[in-house]
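Me: I'm new to this one, so could you walk me through it? I'll ask as I go.
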Amino acid sequence: MTTPTTTAPERTVSLREVGPARRGTRPDEVVIALSPAFAGHFTKTIVDVPHAEVLRQLMAGIEEQGVTARLVRVLDTADLAAISHTAARLSGSGISVGVLSRGTTMIHQKDLPRLSNLELFPQSPLLDAPVFRMIGSNAAQYAKAESPQPVPTRNDQMARPRWQAKAALLHLKEFDCIEAGRGPVEVEAVFGPGTAG
Amino acid sequence: MGAREGAPPEGLLVVGVDIGNSTTEACLAVVAPDGSITYLGTDLTRTTGVKGTPDNTEGALKAIRGALARAGRSAGQVETVLLNEATPVISGLAMETITETIITESTMIGHNPTTPGGEGLGVGTTRSIGELGEQQPGEPVVCVVPHGWDFDDVAAALNAAVAAGVDVVAAILAGDDAVLVTNRLTRPIPVVDEVAAVEKVPLGMLAAVEVAAPGRTIRTLSNSYGLATVFDLDPVQTRQVSPVARALTGNRSAVVVRTPTGDVTDRRIPVGELVLHGAGKTLRVDVDAGAEAIMEVVGRAQPLDDARGEPGTHVGGMLAQVRDTMADVMDVAGQPDVPVSDIAIRDVLAVDTFVPAEVRGGLAGEVALENAVALAAMVRTSRSRMQLVADLVSEGLGAAAEIGGVEGEMAVGGALTTPGVDRPIAVLDLGGGSTDAALLTREGECTAVHVAGAGELVTKLIDSELALGDREVAEGVKWFPLGKVESFFHLRHEDGTVEFVDQPLPPHVFARVVVLTPDGPAPVPTRYGLDHVRRVRREAKRRVFVVNALRALRQVAPGGNLRALEFVVLLGGSALDFEIPDMIADALAPHGIVCGTGNVLGTEGPRNAVASGLVRAHAALLAEEARCRSS
């Protein structure tokens, strides 16, 4: 009997820089933009979802729709809207998904004002692997000019008081990893043990 | 009716007021003693309260004051206020599903996931992915993957099994992983995913999995003889599986499992008989025979005295529901309740429709379009209390108020002010609850009929056929043209033209099918494409308004012959619709009829016909001439 995921050895991911990020020309790509400390200084979100899993599920959601994912790390800011919008303008389809180390996620489009978005998932403690899969899937459907139903956003009144302090600390750490003046770089995900195929 | 005597020399200031189901309209005019009319102004406002109740007074006064203000006159100068005799009909709606698809023993999966994997046909024995390791090489296997398996692990397990010589020919997955798994396989196979109740798939049975290429539909499993070939069936068994094949038609992917007694049935729900009394006959018709058969029988029982449903059946329940609603509307405080049994249904419109419903026994939340019949019924009431409204208006304005005439006849009078029409003239008043027709012959005779079914029924059909579950959205789909927002700076209209906008469109309409309301695009929450929504909208309008227009006109036309009509004028709120007038005109064109939307007084469009008709009738009375004088 092969073992299902739940008991599989934890997957890891490391990001390998391959050069400055270019503007894509393929209309069938979604750019996933990662914050400065994602899968670097940090390896898990605020509720301990491994970054490897976040990335795998986002990419799987995109791949299942027949769209390709390209990874970019934004180094000069820790602001999610700025990260996502930068990536949207690099994306061949104009669609991007931005992720912060603590898990906060956003789907953005290049023609939108920077502080707007297509879908925003602001409560990082409520985001788990299935939600990341749906986010990836929706982003890919936008890239295909389909009309996906927005991912149902959960809401927890207690999330703010309970997690705010930790979120603030994580944000400060993320802020420390900013490399001012460096443009976005293209990265490749190298998944660790537990991965097959 | 008085006001025949003593007209002052400079003419009387008269206001006609039409209280409708949704709007109240007023028309102000000066009527000279010789009967000539000078129109001064019109106004319209929302009807307050239910039509025909004292609550209407407020709206009526508002409309009158509005018209006076526009003409620069004061309330004290008004001589007479004329109110319409409200159409004595109320209408109600009911809908009932008449078919039901049931899958027994989990024999079939036909839910059309958006992203199946691979393509082709795989036939083998169903085995759980956990048992693949123990599988003997050689025998073809359809792998069933339960919840909780990661796509990488599934692909690894399948690749390992294939490497060990197991002949894996297809897979059925619980999650949305089909493309991910097939992308990682060394040997491509068809994969069907998103099967929510995958644990119910019987194991150890012969099964066939088929996935078609993108943009195509399956060919083998949707063909009875294809199924017979795959499962080696004899003619008797082939007959049994034909509903399965039919249920899978049009899908991109499907699974059929052969079990000893499994079956898909397309059951007709016994809905009961509709009993129609009319024209001295009592006719019975099975509701599940469909709208066409029902309407044919309704046509033979004209004029209808009453319609009843067999007690204890669905149709009995439907008509009881309609009667109950109407009894509530007619109930008036201070008067004894209307006994439900006394309410006679005077017209019925049946419309075939379909309702997307989840298939009973389905494994993946399959949705089948079940047939349904919608019934609109109409009841005559004697309890119009317009006189009370007239008294209240008179009190509020300090002028005499009287009931000026029957709505249908007044509407014809108003319609005659449309440029370019002449007698014989027929009007079609396309309202919310009922469609009314009236005919004025060359000799001045006027006949009017009311038939059940109008705007409300269209909204209901759109709501249920698109599974919107929101009346407001359905109303929007009915009223406004559609578009698809393709980027933040352009949208494509339903006729294919592209419009660019200067200001970026709001994010919540991005990539959505929208209705183009005057306040900007509003999203339609549906997974159907623009073309489908458009087709549903137009079909709903055709089945209600075109059918009813022909039905009502046949009833007023001399000898039921549409060719005897010359001018047909469309009035009422639904005549303002952007496509209904064209659809009706198209349907009437073969009969040599001039048909178009009315333009009352040459300025008011299809509005204000009854109000200005009231003024005309009053003027005619004043001049002591024939009521239906040619102008």
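Me: How many residues of chain B are in contact with chain A?
Reply: In this predicted model, 28 residues of chain B are in contact with 24 residues of chain A, where contact means that the C-beta atoms of two residues, placed from the backbone, lie within 7 Å. Local features need pLDDT of at least 70 and side-chain atom pairs count only at pLDDT 80 or more, while totals for chains, interfaces and linings use all residues. Residues are numbered from 1 along each chain as its sequence is written, and chains are lettered from A and ligands numbered from 1 in the order in which they are written.

Me: Which element of chain B gives the most to that side?
Reply: Helix 2 of chain B does, with 6 residues; helices here are DSSP runs of H or I with at least four residues, strands are runs of E with at least two, and both are numbered from the N terminus.

Me: Switching topic, what does chain B look like overall, say in helices and strands?
Reply: Chain B has 14 helices and 30 strands, and its C-alpha trace spans about 110 × 65 × 50 Å along its principal axes.

Me: And how much of chain B is buried?
Reply: Of its 631 residues, 49% count as buried, meaning that 20 or more other C-beta atoms lie within 10 Å of a residue's own, with C-beta atoms placed from the backbone.

Me: Is helix 9 of chain B mostly covered or mostly uncovered?
Reply: Helix 9 of chain B, residues 407-415, is mostly covered, with 9 of its 9 residues buried, among them Glu407(B), Met410(B) and Val412(B).

Technical notes:
A residue is buried if 20 or more other C-beta atoms lie within 10 Å of its own, exposed if 12 or fewer, and partly exposed in between; C-beta atoms are placed from the backbone.
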